[in-house]
Amino acid sequence: MDDTEPSLGRRLAALFIDWIIAALAAALFFGVTYPPKDIPQNLVITGIFVGQVAILTGLLGVSIGKRIMRLRVENPAGRPIGIPRALVRTVLLTFVIPAIVMTDDKRGLHDLAAGSRVVRF
C-alpha cells in the first residue's frame, strides 16, 4: 500500500461519521428517532446521507467524514467528480455490496461505476 492509498479502516470511519451526521440531521429537522422505528425513518436518514455526501463529494471531493479522515474522492485527473457521478457513487454505496467488492487497487464497484478513486491527503 502506498502513501495515498487509504485503509479500509479510514474509509469505514469516514462512512460512520457521515452516517451519524445524517442521523443527527434527520432527528433535528424531521424528528426521526435513532434507531429508526420504521422504514420511512430509515429512508429519511438515507436520503439525507445520499444528499449531503453526493453534493459535498461532487463539488469539493470530500464529505465531512472523509475530510475528518483526510480522504478525498477524485477523478483520474485529480479533481472532484461532479454531482452526477457522486450521486451514482453514493447511491451504490448505500447498497453496501458495491463498496465491499474491490479491485486489486482497492477501488470498489461504486468507484468504478463513477470513474473515481479515494486517496489520502
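Is Ser-63 buried or exposed? The structure is a predicted model, in which local features need pLDDT of at least 70 and side-chain atom pairs count only at pLDDT 80 or more, while totals for chains, interfaces and linings use all residues. Residues are numbered from 1 along each chain as its sequence is written, and side-chain values use heavy atoms, without hydrogens and water.

Ser-63 is buried, at a relative accessible area of 2%. Buried means under 20% relative accessible area, exposed means over 50%, and partly exposed lies in between (1.4 Å probe, protein chains only). Ser-63 sits in the loop between H2 and helix H3 (64–68). Helices are DSSP runs (H or I, at least four residues), numbered from the N terminus. Beyond residues up to four places away in sequence, Ser-63 touches Asp-18, Val-53, Leu-56 and Thr-57. Contact here means heavy atoms within 4.5 Å.

The largest nonpolar core has 12 residues, among them Ala-22, Ala-26, Ile-45, Phe-49 and Leu-93. Such a core is a set of buried Ala, Val, Leu, Ile, Met, Phe, Trp, Tyr and Cys residues joined through side-chain atoms within 4.5 Å. Helix H1 (8–30) and helix H2 (39–60) each supply at least two residues of this core. H2 gives the most, with five residues. A second, separate core has nine residues, including Met-69, Leu-71, Ala-114 and Val-118. In soluble globular proteins, nonpolar side chains tend to be buried together. Ala-26 is in contact with Gly-31, Val-32, Val-44, Ile-45 and Ile-48, leaving aside neighbours within four places in sequence.

One aromatic pair was counted. Rings of Phe, Tyr and Trp (its six-membered ring) pair if their centres lie within 6.5 Å; planes under 30 degrees apart count as stacked, over 60 as edge-to-face and the rest as tilted. Trp-19 and Phe-49 form a tilted pair, with 5.1 Å from centre to centre and 55 degrees between the planes. The pair links distant parts of the chain, with Trp-19 in helix H1 and Phe-49 in helix H2, 30 residues apart. Trp-19 is partly exposed, at 25% relative accessibility. Phe-49 is buried, at 2%.

Helix H4 (residues 83–94) has 12 residues. Its buried residues are Ala-86, Arg-89, Thr-90 and Leu-93. Seen down the axis of H4, these residues fall within an arc of 95 degrees, so they line one face of the helix. The arc is that of the directions from the helix axis to the C-beta atoms. Val-96 follows H4 and has a positive phi, near 70 degrees.

Definitions and conventions: The expected span of a helix is 1.5 Å times one less than its number of residues.
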